[in-house]
Amino acid sequence: MNIWTRTNSKGTTVEWIRESVRIGCKVTTKYLHNVTGMSDAEKEALLKYYKGCINEEHPFCSGLLYGSSEYDPLSGISDGHVNAVLTAMEHLGLMEIISLQPCPERDVIAALVVLRIIDPMSKYSTRVLFKTTSVGLRLHLLDCSLDRIYRAMDWVLTRKTDIESQLVRRHISDGSIVFVDVSSSYYEGERSLKFDRHGQERETGCELPRMDYSRDKKKGKTQINYAQTTDMYGRPLRIDIYPGNISDYSTFMPSVDVLLECGIKNFTIVGDRGEISGKDIILIQSQYEGIHYISALRAASLHKIIKDSPKPLNEFVERDLFEFVSVEFPNDRLIACRNPDERQEREKTRDSLIKDTTKFFDEIKSRVISGSLRDIKTIGEAVGEAKNKRNVAKYFQTEWGEGHFDYSLKQDIIDKEKLLDGVFVVRTSLPFELMDPEECVRRYKDLALVDRGFRSKKSIDLRVRPIFHFADDRIRSHIFIVMLAEYVLWHMKTAWRPLTFADPEQELKANRNPALKPPKSDTAKNKESTGMVDATAEAMSFQNVLNTLACSNYHFVVSGTGGSKTKTLVRTPVTPYELRALALLEGIRKTGK
């Protein structure tokens, strides 16, 4: 590092602080600061500052970088959070996975992944962040237009299969455990339903948005379904996008086939009871050797087993987890598990709902007896409103007529539900030698990791919804980019567990009693009670960590005097907190946990 001086043909002398840096096998020069017109003392101070010999509190640096009257604090470009995300992507080798050969489209997709993590918004609004953050500066995208963003989205969709295959091969091998689950996001906009001249309805818009049961509780909104595949730690690896009215059962076997195409021949796939159908299980047992599954019985199947033989329920007197057999599922192991805490909670909730509804029925009965409520239609409307308000119609037998109303509890149904409060049955094809009953239940409960990723994707961190695109391929590309952002986010959250409220000691959960709620470590309890991770740093959410890092900026500094003034982009010094966060990201690995 030195001060470089050059005089041009007009006799003007320019001076810069520069250093030589090695990028791969190539040595290049990096220009750090324009020092033209400064005094020798100022030049020496800045040179020592960039060499790390003095800090920003030095009198000369303080005046040049912060205290100068010509320093504009509003010209800052946020960089700390961008630098952190790009550092994580570099450790993961994500740029090379997106495209081994550098190209403009790859840089745009990398920028969209970064911006989705630091400040998710629509593609139209995202353009502003290319200039207000250092994304555009670091990836040379200061003039990125909306058309360029859309071209990159179309390009990455052609790379989707190859990118997902690389991620699957990186994190899944023979004998691995794989999670699959389905979710949906609501869609904003019309699908352009029109009628032709014969009065027949035709569709000219998207095919993916469809009306169906909304997991987002958005009545009257179309939605788009997607099935995500993760490894046993909940790390997202691939995603399939489906129309909003497709059955969850239809998404399972395509996920299995893709894993086989990636060369994974022996694995255990874990899916929810509403996703793996009996037909899929028969198909796996008959045609897919080396593939095992872990799922759970639906309520109807469980009731049928108990009706035919109530013996399994008697085992709960002595223990909360046991294995049993049933003639209904001769080729599967069945593992019954009961959570005592959940059992008490459900019983308490049901009793409360029945008590409140009984109170409403008593009021209706007293009004009927007093004569203020006599019409049969009015009585029926009042009874229906009381039942539907708390969804407890199945617990009551009601009779009403002209000037008459009476009700009674269906105690047999209540007793039947009490028997199964907090009970679920895991169904698996894994032999005991490969996995014991406790571990089977733990792996099934680990599906909550996928659900946690869906919450992060949909609302907390990445905000995939609402979806505004008006072409099917753009919708697919948007959701795929969000999945890539979630892949980076998963690694960053794991690395930053010591800085956030997350529990850094995961060994307790790995060996927990599967029938009970996972315990918290003493470290996590201490974070919650004190709000501190140690004596020097507060515990924060992931987003607050990013916001703290965003305080590290690039600033424009005007130096020189008279007509030789120059504007130089200078970064604020790295703070101890930023150093700590970046050091934790060094632990990110491309493979393994």
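## The chain as a whole

Two residues are in contact when heavy atoms of theirs lie within 4.5 Å. With that in mind, take the contacts in this predicted model between residues at least 6 apart in sequence: 66% of them join residues at least 24 apart.

The protein chain has 593 residues, and 46% of them are buried. Its secondary structure comes to 23 helices and 18 strands.

Let's go inside. The largest nonpolar core holds 112 residues, and Met 89, Val 488, Met 492 and Trp 496 have the most contacts within it. Helix α19, spanning residues 472-495, gives the most to this core: 13 residues. Another core lies apart from it, with 15 residues that include Ile 354, Val 383, Ala 386 and Val 392.

Which residues does Trp 496 touch? Leaving out residues up to four places away in sequence, its partners are Ala 84, Phe 542, Val 545, Leu 546, Leu 549, Ala 581, Leu 584 and Leu 585.

## A closer look at Thr 398

Thr 398 sits in strand β14, which covers residues 396-401. Is this residue buried or exposed? Thr 398 counts as buried because its relative accessibility is 12%, and buried means under 20%.

The side chain of Thr 398 makes a polar contact of 2.9 Å with the side chain of Lys 387. Beyond residues up to four places away in sequence, Thr 398 touches Lys 387 along with Phe 361, Val 383, Phe 405, Asp 406 and Tyr 407.

Technical notes. Residues numbered from 1 in each chain as written. Predicted model: local features only at pLDDT ≥ 70, side-chain atom pairs only at ≥ 80, totals over all residues. Heavy atoms only, no water. Core = buried A, V, L, I, M, F, W, Y, C linked by side-chain atoms within 4.5 Å. Buried < 20%, exposed > 50% of the residue type's maximum accessible area, 1.4 Å probe, protein only. Helix = DSSP H or I, 4+ residues; strand = E, 2+ residues; numbered from the N terminus. Polar contact = N/O pair within 3.5 Å; in protein donor to acceptor, adjacent residues only side chain to side chain.
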